[in-house]
Amino acid sequence: MSMDSNMMVMIGLTVISAATPLVFAAIGELVAEKSGVLNLGVEGMMLAGAVSGFAVAHVSGSAFLGVLAGVFAGILMALVFAFLTLSLRASQVATGLALTIFGVGLSALLGQPLIGIAYEGLPSYSIPLLANLPIVGPLLFEHNLLVYGSILLVLTVSLFLKYTRAGLVLRAVGDSPDSAHALGYPVIRVRYLATLFGGACAGLAGCYLSMAYAPMWVESMSAGRGWIALALVVFATWQPGRLLFGAYLFGGITILQLHAQAIGINVPSQLMSMLPYIATIVVLVIISRDRGRIRKNAPASIGQAFHPTK
Amino acid sequence: MFAPLSSTTEKRKPAKFRKLSIALVSALISIGSMSVHAEDPVKVGFVYVGPVGDHGWTYRHDIGRLALEEEFGDKVETTFVESVPEGADAERVIRKLASTGHDLIFTTSFGYMNPTNKVAKAFPDVKFEHATGYKRADNVSTYSARFYEGRAVIGTMAGMMTKSNIIGYIGSFPIPEVVRGINAFTIAMRKVNPDAEVRVVWVNSWYDPGKEGDAAKTLIDQGADIITQHTDSPAPLQAAQERGVVGFGQASDVSAFAPEAQLTAIIDDWNQYYIDRTKAVMDGTWESQDVWHGIDSGMVGFAEYGAAVPDDVKAAANIIKEGIVDGSIHPFQGPIMNQAGEEVVAEGETIGDDVLLGMDYYVEGVQGSLPK
């Protein structure tokens, strides 16, 4: 393999590892938002997942149990959010923000004994035969299971929303909870499930951070990735395929920016940190000018509490 | 007739708030206090900017506090308050420590400079020690460490050990402290290897393990075979370990994260300083001073050499260490060229502390331009 193609593969690998946590966190949030629930607590849920996954993997020595614990922690956090916003009808925006602040503090408290402990990271699995292909092999077929899982998850969610009856119900609940309710669908239960799914995915994103991306625990290690995931959902106009593209685009921009610096091209890195958000605002402006497109993808009742008695 | 009434309620309100905030702060302090009671021990307080478990800056200060307890046992009583924001809260915390019988208070972040001096004025009998600042008073000392001396040592090692002649340097923010480190490293590296160059990537954070790791991978992808950093997490060395290259730890020994990759680490070591200053208070010899200690005092320490370091590199690094300690080597000894190849320091001259404190240019051998 020539030096150049080798470098391209390495850059590609770094982009994949930077994009994967965004894919997980954003796809979960997408499902929650599709059901009409805006959960701004992604960052907090990610941190809960990161600290729990790392702790359990460290204590038990089992990566599988660690990931399971991370998912469970994400679900627990989402359950708190769901109870407050869906059962008690608290404001989704305020509760989500509180969940993030809560998650930052709680994970720091729980993680105190874990600081300074090393973890070898998740093992990679080569896919037989395919991994031996030049360039494509090492780039696409030699990853840890979470990377394969993230792609599979996006594919599954995409098919679920488009082609299954349950997916249709979920979208109906997000677009018009009153009609869904009138037709006899359990709006609150659907939203609970979607929110918990979002929590599980954020937990996975956290696990990826503390067990694969930078295998260690340090306070606030998500460093704003939960917010980028939130922006990503809007950037993708609530479509799983675009979300995957967006995650790799955002991840790619970050890595290319680092490369630009390293070869001496001076790009203000602050500007690059803003880029995902600027891109999101641009997308928002574009889709807001086209009402048809908004109606097609944006969940109409997003962020609104549902009162079944109304 | 209502006027006096309302004025008394107005007076009461702040009093209540004051009581409440004092209660809150003392609750905070009692949570953070690890005290041993004895007869008239010297009470020493510490104010930390981060959590004690950051494995970086604050962690090393707390190791110093523990060393103090170890050294003096019952004769000293220490208190710490962690994660104190640099602002109004800091003043309240420092004031509370000063008013609860602390004899000596270490405030360990640059942003505590003004609150420390303000409280010091109100408590002339309490001694204060402010880290990395420049404002002093009769009862306020300042202290900092010449970490750039450590960078000269690891720069020498990097220059001798690199095969690709590309060294990756991960920076936090382009402030003089960090630029000084990059320059000291580069000057030392070029002395032993004029063909080597330093590539700097700024991550705009002291602490973002994900991004620090990505920056390390980026530099490795571009051919760097040695990684060094001025950020606080072990992630860059972890990435180096994963990709089979080597590098240097920062602030703490991070060999647990990178057993093969760590060549050595620059370690912040405040232990002896904290012991000495407490001893001075006990003996009644404490005086206000300004110290900027380096390798000589042990404030800038090193982790043990890793297995990958050849003997000749160890020997060369030791010569630099000894030279800096005995004064025969200065990390900023002329001739020093800037990036344009112009001589900024002539042969036989060295850069003075006043210039070092405001350093804002790269020397020859650093790639790219310094963000302004």
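Just past helix H7 of chain B, Gly223(B) adopts a positive phi of about 105°; helices here are DSSP runs of H or I of at least four residues, strands are E runs of at least two, and both are numbered from the N terminus. The model is a predicted one, so local features need pLDDT of at least 70 and side-chain atom pairs pLDDT 80 or more, while totals for chains, interfaces and linings use all residues. Residues are numbered from 1 along each chain as its sequence is written, with chains lettered from A and ligands numbered from 1 in the order in which they are written.

H7(B) itself covers residues 209–221. Buried means 20 or more other C-beta atoms within 10 Å of a residue's own, exposed means 12 or fewer, and partly exposed lies in between, with C-beta atoms placed from the backbone. Across the 372 residues of chain B, 49% count as buried.

Elsewhere in chain B, the axes of H5(B) (residues 147–161) and H6(B) (residues 176–192) come within 7 Å and cross at roughly 35°. Axes are lines fitted to C-alpha atoms, for helices over the stretch in contact, and angles run from 0 to 180 degrees between N-to-C directions.

Overall, chain B comes to eleven helices and 15 strands.

Notes:
Expected span 1.5 Å × (residues − 1).
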